[in-house]
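Please view the sequence and the structure first, and then read the notes grouped by topic.

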Amino acid sequence: MRALSPPLQRNAWLLIAICVFLVGAIVSAVRIYQTQTALFWNYRTGTWLVVEAQAEFHNALSAVKSFRIDPSAAALEKLQIRFDVFWSRVPLILESQEGIDIRRIDAILPNTRKIAAKLPLLDADLQRITVEDAASATPFERRLEQLHPLFEEMTRVVLVQDELRYRTGSLLRDTGWTAGAFLLAIGAGIVLIIGNLVNTRRIRTLLAQREAIDQVRATQLAAIESSGEGIAMFDRRGRLDYSNEAFHQLVGDQDRTANLHSWRRFLSRKGARTLLQGLRAPNRQEPWKGELTGRTAAGTERDWEAHVMPRSEGGFIAVIRDLTDRKAAERERTLLQQQLHRVEKMDAVGRLAGGVAHDFNNILAAIFGFGSLLELDLHDRPEERTMVQQILTAAERGKELVQSIMTFSRTEKAERATVEIGAVCREAATMAALSIPGPAVFETAIEPETLAVTGSATQINRAILNLCINARDALEGNRGTVRLAVDRVAADDGSIAELHELVPAAPQQAMVKVEPLSETRTRAWVRSLGPVPAFYARIRVSDDGTGISRGIMEKMFDPFFTTKDVGRGTGLGLASVLGIVTAHGGAITVDSTIGKGTAFDILLPLQEAKVPAIVTGPTLVTGEPQSLADMHVLLVDDDPNAGNALAAILQKIGCEVSYCGSGAEALEVIGDEPDWFDLVVTDLAMPTMSGLDLAGHLRERKFARPIVLASARLQDASLEDRARLGIEFVIAKPFTLSEVAAVIWSIAGARAAQKSDEQQSRDPVCA
Amino acid sequence: MHPVKLLFSALALFCLSAAPSSATEAPTGPALLTISGAIGVTNQGDTLVLDKRAVEAMEMSTVKTETPWTEGLVTFEGIPLKALLDLAGAKGRTIHAVALNDYAVDVPVDDAVDHRVIVAYRMNGEIMRIRDKGPLWLIYPLTDDPSLQNEATHSKMIWQIKALEIR
């Protein structure tokens, strides 16, 4: 069966059925024919028996007539033989197998029996015939002739019957053939019907299969259509012959009927080259995967990830995913991570530096304190005094350094007051001008308008100075201009608005965003978290120096990063500027071109409405030292270095000093003798009980005398707290003798004035 | 060959040829069967004529068979056709048999060898008269050999034989 071709194989059972039917029909037809022939033959031999018997009857009759004409022994013998032959035929009709059929015919048996009955009589007549007497044959002849009608009837009946049989046979044969033909026709019909049924069933199955395939195809097509990835099929000539909706959205082609475009239309030159190389690879039957630069109908280039599979009939299928947005997001994320990393680094460095700075201040306090005492003592020994002055100068630099560290690390909390930027800038300009030597030129352009911001004048001043010094250094001693300009700018002004959009509000700290504008020009933005004001005060420090490269710009706000020679820069200048500006809720923009110069803009939010300027601390009295012999001071400081230094200075200027190492001890001492002390000088940051706490307890116990805070972290005590506790004076650590003296003298002066008032009120007569 | 053996062979041939000599003698009674044509032995002109005496002198063989023309199993006794042909020294391939009523049929000589065909003379022990389809009837052993049960054989079973012509 396997050797058969598929259609034959399907119809094998049908073929077998046809063969079986044909063989059966042929065998049946042959058997019918044989039976019919045999029957017919039997009958014909029977007929022949009768006909032959009649022939022999005639022979015998002829022989007797011959004898009567010519009576002779030979003729008689011949007659004898003819009669015997005739006789031999009669029993055959009656008894033989061949005669079975004709014996059934009416008149055969009775007639033959009559003839047989006559035979012995005829034999007797024959014996009486003599050669001598011809007439002796007459009885035999007559008797023989009597048989004539019997034979006539028999022959006629048999021949008629034979004719009938023959016709019947013929009819039967014809009927057989007709029946055979009919059977064949029926068989053919059945075969056709079965074939048709089989065929119909097969067609129905095929139709059902095709329907199922169509359905699967429709589902697949729907899936392809709804796919988020662009799918496009190109024919062997590279023309688009199918594409889904997503593909058209990718290429920005609204008209989906506009097929037959070449695949090159959808790729940039570079993308086309990449794809050609990919498709020409040796294993070209496998899908190619890679990134391509696509091109939209509008002509913009997009980043695509593509899977390209060859089609069996030629051409290829491309599955495309747009990576442009994802790549941009990835770039943004990388940038944010870098920025966050930098912020965290700065934060860590800031915390470390802030901690160091605080302890360092106490050390400096001791150096300053004892140094200044020593300087005073050595007034008559100029050589040693110069050495001490060197120590104090170095300590001064150390103090500035610590201040810078505390600024960028934002451990320094500046006083918040209304600051007039113009005034601060003019003051800074005066100082900057001194530090910028020729041949460089220093210019200022400060708006006469009052620009009020909330913040610390000292810090702003320091920031401006830092920028001016950097600008000076950028000139590298060459001829050039450093320019300080101050103006007012709206927050929705072009580039400022851009700043707000481009630099996301940082989660914790300021973030630096560097943007290359060209090969040589770079811009940087820094913005702190805070509400966006309507206006900024813009302080611009610009130079026409060497400019800042992109690489440096990315790092220049980092603490301890410097491009200056060792010993010349601390790497804290811009870090402290950043600290100051972000503490003020401001922003910085830098625009620099290599070889042309740099412009730094400090943007500080302008006050919405006029805030009355807070009265600064009481004016320190400078003048003749007053006698402090009766001034009894209680000094509280947990740090023995700083405490001892301050105690030494106080004693030096004539005060009587009692020293306590903690607030609890001080309370105990005062509790014993509340009126004993004219003044309490206390450190601010102390364990268990701070200076402010101590002041609070003292005021609760009705201690009305002045309290002075001496601290490196004066910003930790707000003006409100100081006002509430009646703390008028402060001493900033590290301190010099003159600074301490100024405070003590001011208090002494106030006390003296009070005493005279009291005296006057007590003794009005004297007034 | 050895001379003694040769002598015995000659004697044997003589004895064999001497036996049928009585059958081939010129007939004395009325002719029962006349054999003519390609034959080597004659006794009356070109023919070999056998009378009743000559036939009865010959060795008989028996065949028991049924026929379409007789009732039941019949015992036929007669001369084997082969012996008759040998007697006549027949050289042809066909026997043209003729009956008393001049009905004739051709019988192949090979049938005499292939089948035990006899020229029957007696039926059930009785000499057959002309009215019993005698005196001679060519009988094939139909019952013993069913392959002979066909129309062709039936037509060759000629009765009331009067002459055989060897062709």
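**Backbone, confidence and surface**

A:Ala107 is found in the loop between helix H4 (100-103) and H5 of chain A. A:Ala107 has a positive phi of about 80°, although the residue is not a glycine. The structure is a predicted model, with an ipTM of 0.82 and a pTM of 0.38.

**Backbone geometry**

- Most residues other than glycine have a negative phi, and most peptide bonds are trans.
- In chain B, the peptide bond that runs from B:Gly134 to B:Pro135 is cis, and its omega is near 5°.
- B:Pro135 is placed in a loop of chain B, with strand E8 (126-127) on one side and strand E9 (137-139) on the other.

**Confidence in chain A**

- The average pLDDT of chain A is 81, and 87% of the residues score at least 70.
- Of the elements of chain A, helix H5 (residues 108-127) has the highest mean pLDDT, at 92.
- The lowest mean pLDDT among these elements, 55, belongs to helix H1 (residues 6-10) of chain A.
- Residues 1-5 of chain A stay under 50 in pLDDT, and the model has four contacts for them beyond four places in sequence.
- Residues 610-624 of chain A also stay under 50 in pLDDT; for this stretch the model has 17 contacts beyond four places in sequence.

**Confidence in chain B**

- Chain B has a mean pLDDT of 85, with 87% of its residues at 70 or more.
- The pLDDT is below 50 over residues 11-21 of chain B, a stretch that has one contact in the model beyond near neighbours in sequence.

**Salt bridges**

- Over all chains, the count comes to 42 salt bridges.
- One of these joins the side chains of A:Arg385 and A:Glu375, with an N to O distance of 3.9 Å.
- A:Arg385 lies in helix H10 (residues 382-408) of chain A and A:Glu375 in helix H9 (residues 324-377) of chain A, so this pair ties together parts that are 10 residues apart in sequence.

**Positive surface patch**

- A:Arg269, A:Lys270, A:Arg273 and A:Arg295 form a positive surface patch.
- Helix H8 (residues 269-279) of chain A supplies the largest share of the positive patch, namely three residues.
- A:Lys270 has its place in helix H8 of chain A.

**Nonpolar surface patch**

- A nonpolar surface patch of about 860 Å² is made by residues of chain A, among them A:Phe21, A:Leu22, A:Ile26, A:Phe182, A:Leu183 and A:Ile194.
- Two or more residues of the nonpolar patch come from each of helix H2 (12-69) and helix H6 (138-226) of chain A.
- The most is given by H6(A), which contributes six residues to the nonpolar patch.
- A:Phe21 belongs to helix H2 of chain A.

Terms used: Residues are numbered from 1 along each chain as its sequence is written. Chains are lettered from A and ligands numbered from 1 in the order in which they are written. Side-chain values use heavy atoms; hydrogens and water are left out. pLDDT is the predictor's confidence in each residue, from 0 to 100. Helices (H or I, at least four residues) and strands (E, at least two) are DSSP runs, numbered from the N terminus. Contact means heavy atoms within 4.5 Å. Patches are made of residues with over 30% relative accessible area and no salt bridge: like charges are joined within 9 Å, nonpolar side chains (Val, Leu, Ile, Met, Phe, Trp, Tyr) within 5 Å. Accessible areas come from the Shrake-Rupley method with a 1.4 Å probe; for residues, only the protein chains shown count as cover. A salt bridge is a side-chain nitrogen of Lys or Arg within 4 Å of a carboxyl oxygen of Asp or Glu. Lys and Arg count as positive and Asp and Glu as negative; His and the chain ends are not counted. The place of a charge is taken as NZ of Lys, CZ of Arg, CG of Asp or CD of Glu.
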